[in-house]
Amino acid sequence: MSGHDSKYFSTTKKGEIPELKEELNSQYKDKRKDAVKKVIAAMTVGKDVSSLFTDVVNCMQTENLELKKLVYLYLINYAKSQPDLAILAVNTFVKDSQDPNPLIRALAVRTMGCIRVDKITEYLCDPLQRCLKDDDPYVRKTAAICVAKLYDINAELVEDRGFLESLKDLISDNNPMVVANAVAALAEIQENSNRPIFEITSHTLSKLLTALNECTEWGQVFILDALSKYKAADAREAENIVERVTPRLQHANCAVVLSAVKMILQQMELITSTDVVRNLCKKMAPPLVTLLSAEPEIQYVALRNINLIVQRRPTILAHEIKVFFCKYNDPIYVKMEKLEIMIKLASDRNIDQVLLEFKEYATEVDVDFVRKAVRAIGRCAIKLERAAERCITVLLELIKIKVNYVVQEAIIVIKDIFRRYPNTYESIIATLCESLDTLDEPEPRIDNADELLESFLESFPEEPAHVQLQLLTATVKLFLKKPTEGPQQMIQVVLNNATVETDNPDLRDRAYIYWRLLSTDPEAAKDVVLAEKPVISDDSNLLDPSLLDELLANIATLSSVYHKPPEAFVTRVKTTTQKTEDEDYGSETGNSESPAHIADSAASPPTSSGAPYAAARQAAPAPASPAHAAAAPVPDLLGDLIGLENSAIVPVDQPASPAGPPLPVVLPASTGQGLQISAQLTRREGQIFYSLLFENNTQSPLDGFMIQFNKNTFGLAAAGPLQVPQVQPGTSAGTLLPMVTFQNMSQGPPSSLLQVAVKNSQQPVWYFNDKISLHVFFTEDGRMERANFLETWRSLPDSNEITRDFPGIVVSNVEATLDRLAASNMFFIAKRKHANQDVFYFSVKIPRGIPFLIELTTVVNNPGVKIAIKTPSPETAPLFFEAVETLLKD
Amino acid sequence: MISQFFVLSQRGDNIVFRDYRGEVPKGSAEIFFRKVKFWKEDGQEEAPPVFNVDGVNYFHVKVVGLLFVATTRANVSPSLVLELLQRIARVIKDYVGVLNEDSIRKNFVLVYELLDEVIDFGFVQTTSTELLKSYIFNEPIILDSARLSSIGPTGLFMQGTKRMPGTAVTKSVVASEPGGRKREEIFVDIIEKISVTFSSSGYILTSEIDGTIQMKSYLTGNPEIRLALNEDLSIGRGGGSAYDYRSSFGSGAVILDDCNFHESVRLDNFEVDKTLTLVPPDGEFPVMNYRMTQEFKPPFRINALIEEAGALKAEVILKIFAEFPSNITSNTIAVQMPLPKYTIRASFELEPGAVGQTTDFKEANKRLEWGLKKIVGGSEHTLRARLTFSPEAHGNITKESGPVSMTFTIPMYNSSRLQVKYLQIAKKSGTYNPYRWVRYVTLANSYVARI
């Protein structure tokens, strides 16, 4: 034993580095070992000890494993910054990889793979080749992972040297650890590749199912996850698979249980026998419930998964509602999830018990939890018609306790119940109105109480913004229904208040819309304002069926915790691009990355945030311009909506300009008070970026740039903060902002509109519109085999075929055109001659696996191109044609 | 696969930091800590264990006040990562004996060595202390036992009871004893966490036992072990609802809803004679986890009452009945009850001759707290509290106070009646007779009485 390691952290007054250098070169082994430990200690606390590189590497040639490991640890850390010196270590690595001691062989291969220096990579191949066939399983399992490391550095090299084949051979290895690592490595390589590399055949399936029983718990997870991609041929095979996997449900490791559940759920889809399915449901229930006995962190993951599972198969846990009752000491994040599941499992049979619980929760301390419990009662009322009355009784009881936020929430909930069951429970309005006056916060004074409107209007200017909005709408409604003198006076007061005396842009905008509507066409106003509200139905936060399908296929992954499809949050960038970002990051943290900024840009999935754009709007200094004429023309209205001065209207479809190398201007300097922004979406290495150029034509430097995107069809949003340095007057700065998709999606028909807000520390917020060209979504894995193409084409109904002519386009150089299209992930499949015409077939894929099959007909060198497409998603066709047009014109 | 692993102290200091893939920016630990600390503006709400900031997914678990964190950019299995974080904590504890900031800092070289074997390129390799022993060369540096603080449920055995050797559970699995020889011993702990909710009229609304048979072996040569459980033990309640109670108090078989076993356990004879056979790996591990909703006798009954007593005054009476045998003593009992928001004062009256009891009114969150050092089986304890309210309007005092919650530990007692009938160690020689410790403990999980 060598005394306390912490002594290595102590520093001497004398120069530390020279002293260490001396010790590293000491003739005594122990002294050298101690010195290396000191170096590592300094490294872990962030000191720069890279200058000792040569001295440390000199200690590498030792038989002492403890010392060797320390040196290797140092090497991994500094090889990147000292690539030339790292070459010095190569000889020892190669030698070590042939050492008689298997631990040293494995260590050498493991460490070499972690050193991401190109020059080292070349030397790695031979030792790796040997180690993949080593006699010792420890070496083989390390080598298997090393293939994945190498693939990450240089995929081509891995394929050229045949490492993928060796890796596949390891699936049949007799050591389960080796099999598990080979599977894990292959699965990851497959994920980052567009070609089929690791496809599970029925043969591999049976091999892996056998290995499953002997693997370590972690290996079982790797294997189960890889196998879950396997599609059984028929019900019989599915049943066989399930039978082999079911014993895993008994495992003490929660990850194994959840991965097994995923696999069983997937195969169940194929099983036709209801008996078998019922039996499986029965078998899955106890292990799922047992997950709730684990640590709260695991419980949370389990609950998020169970939430999905009960949406598909409510029977599994129909009798277990009690286990989802909240425990007193559950963390809040667990309680919230339990509530969700209780609502989903609530039925006419257990509703009394459930209501009793909710009522109890509604008197607890945590405000958010209490609010959610009250809402839960309302949702049960909407879900279970027969229980609605009991729910309302409970809500009224809660209102009587007269706790502020309970009353607020209860009234909001009752409003929805009114809409769900019209003309049934209105008799309780009187009771509600009594309670309203006891509130000291006015939030829930919703438009129920029309008759009380006038008294509320007296305090109009003092009310919070959303109450003002509700009052405004309510008054307009009242006026339209009862256009008599009283309401007319009221509305004038309100409109005047809301347009002139307010500084809230939302309120002002809405007031102006009403004003203009009322003054131009009261009948149209009626249609708009008094339109039927959509019927409230029991949502129980149900997910869209296709999304649910996708999430269920992703049980036991992060996707199932966030309830978002993987592409919405997985942003693995190739390591090469990451490195630069990495370094930028360090310098960036100091200034603009204030905590507030992090908190607000972190629209993290679990907090279901749809707010980034709203946040940006709030941040906008509200332009107080009371001078708007009431009968202003329509464009002005739009200007108001976007929150701009009427002199600074952004033309709506401005950036339709050709997409040549210079980026299209999206915010002209004349609009941006001297700031000009050019921008365009681009796709690089599988990732979508927003390429931006800021030109500063003002007199002062601009900094603190931030960006937000409004909801859009594809849910495009920034994957990280905008990183733009200070822009000096007369200069410009460009940046590539990585984007994520499906983050905050807008509803309605697909649209190419992308609304962007950009802000800096010196100017107001600028809003501009950009156009989303669909081709940035064309994914790298869009290539289809010919047979697959034909089959897909046939399987799609003719109604999904859409044709368009492009009379102005000429295809002159076929080769070049195909290359260009391929570069944009529009893949050429085949070509045939038809009379004098050439017919080309292409395939394209956009996220969520939506394919486009394209038939392009043209006469080379003659103007006129006809394109016919088939896709399961015909509503995106217009966007697709636009994108192809751009690509062909290039 | 994970990208980084790190351990942060409560203050957010980096104690351990290991980057396996270099694909997540270096500032991740800071971003994580800030996010967790200020999850909600008021700092009251706890961050969920999994969240995403700027495309980086963060996982964390809290172990003895330390934050064990992993990051990744991929769509990994979250239960795998969270479970892994717990296991890393356990492996480190197995090696260094006791887990805290100090012991990790003192053993940082060992911890990094462990981390390199446990995870390679973000893929878990093994978390078995037993397997790791062949690849780890650093010796642990053991903290002074005098400064040890007890950790986890098994730490409870150190309190006072002479039958159990205090330092055993915090002993490193790999380090040799100062005398040079290891003491041959094995610990089997049956730990049960019970959750009970009583209705306002004293009926049991829900009850549940989460149990673990935990083992920690210090036997050399890893001999085979047989553990025999109750012969009448059965698993699975068949069909039907979770709450069809089929047996009454104190009689009939022990019926577990569900259970699972450590991978080293062989169940060849389990169906026949309810014995588990295993070769215990080194280190602490759960042999079996079980869950039971079969009706059982709760160790404590709680009786709580709150009544108006004149203008702006009320009286609270709390009574606790210990319903376990008198040769058993429960310790560190704490009873809590939220009081109405407008409570401004509380005065307490304990029963005459009460020893080792404390009372408190927490002004900030309006909570009554009653602590008892120990309660002997069969006894009964009462607390009276007089409350004074502020003159402002107030509502229903019963609705706005409670529920009463209770925490306690009861050594050498378990509610499920699950037992280890015998613990057999395959003998190496006639004289081989290692120490065997079979210990029971019952803990309160969520023990609540509504008013």
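Here are some notes on this predicted model of a complex of chains A and B, as a guide while you look at it.

1. **Confidence in chain A.** Chain A has a mean pLDDT of 80, with 83% of its residues at 70 or more. Two stretches to watch are residues 440-451, where the pLDDT is below 50, and residues 573-660, where the pLDDT is also below 50. Beyond near neighbours in sequence, the model gives residues 440-451 25 contacts, and it gives residues 573-660 114 contacts. Where pLDDT is low, predicted coordinates should not be read in detail.

2. For chain B the mean pLDDT is 85, and 87% of the residues reach 70 or more. Here, too, some stretches call for care: residues 146-156 have a pLDDT below 50 and 18 contacts beyond near neighbours in sequence. Residues 239-250 of chain B also have a pLDDT below 50, with 16 such contacts in the model. For the complex, the predictor reports an ipTM of 0.84 and a pTM of 0.69.

3. **Chain A as a whole.** What is chain A made of? Its secondary structure amounts to 37 helices and 13 strands. Of the 890 residues in chain A, 41% are buried. Now take the contacts in chain A between residues at least 6 apart in sequence: 64% of them join residues at least 24 apart.

4. **The nonpolar cores.** The largest nonpolar core has 286 residues, and the members touching the most others are A:V71, A:V147, A:V183, A:I223 and A:I377.

5. **Where the chains meet.** How many residues does each chain bring to the contact? Chain A brings 92 residues and chain B brings 78 residues. On the chain B side, helix α2 (residues 78-96) gives the most, with 6 residues. By type, the chain B residues that touch chain A divide into 32 nonpolar, 24 polar and 22 charged.

6. Why do they line one face of the helix?

7. In chain A, strand β7 (residues 753-759) runs antiparallel to β8(A), and 6 bridges join the two. They form a hairpin with 6 residues between the strands. Across the pair, A:A757 stands opposite A:Y767 in β8(A). Strand β8 (residues 766-771) has 5 of its 6 residues buried, so it is largely enclosed by the rest of the structure.

8. **A closer look at A:N769.** This residue sits in strand β8 of chain A. Is A:N769 buried or partly exposed? With 19 other C-beta atoms within 10 Å, A:N769 is partly exposed, because a buried residue needs 20 or more. A:N769 and A:L753 are 16 residues apart along the chain, and their C-alpha atoms are separated by 6.7 Å.

9. **The β10-β11 hairpin.** Strands β10 (residues 827-834) and β11 (residues 837-846) of chain A are antiparallel, with 7 bridges joining them. A:K833 stands opposite A:D838 in β11(A). This hairpin has 2 residues between its strands, and A:A835 in the turn has a positive phi of about 55°.

10. **A loop residue, A:N64.** Finally, find A:N64 in the loop between α3 (53-58) and α4 (65-78) of chain A. A:N64 has 15 C-beta neighbours inside 10 Å, so it counts as partly exposed.

Note on methods: Residues are numbered from 1 along each chain as its sequence is written. Chains are lettered from A and ligands numbered from 1 in the order in which they are written. This is a predicted model: local features need pLDDT of at least 70, side-chain atom pairs count only at pLDDT 80 or more; totals for chains, interfaces and linings use all residues. pLDDT is the predictor's confidence in each residue, from 0 to 100. Two residues are in contact if their C-beta atoms, placed from the backbone, lie within 7 Å. A nonpolar core is a set of buried Ala, Val, Leu, Ile, Met, Phe, Trp, Tyr and Cys residues joined through C-beta atoms within 7 Å. A residue is buried if 20 or more other C-beta atoms lie within 10 Å of its own, exposed if 12 or fewer, and partly exposed in between; C-beta atoms are placed from the backbone. Helices (H or I, at least four residues) and strands (E, at least two) are DSSP runs, numbered from the N terminus. Ala, Val, Leu, Ile, Met, Phe, Trp, Tyr, Cys and Pro count as nonpolar, Asp, Glu, Lys and Arg as charged, and the others, Gly among them, as polar. Two strands pair if DSSP finds at least two bridges between them.
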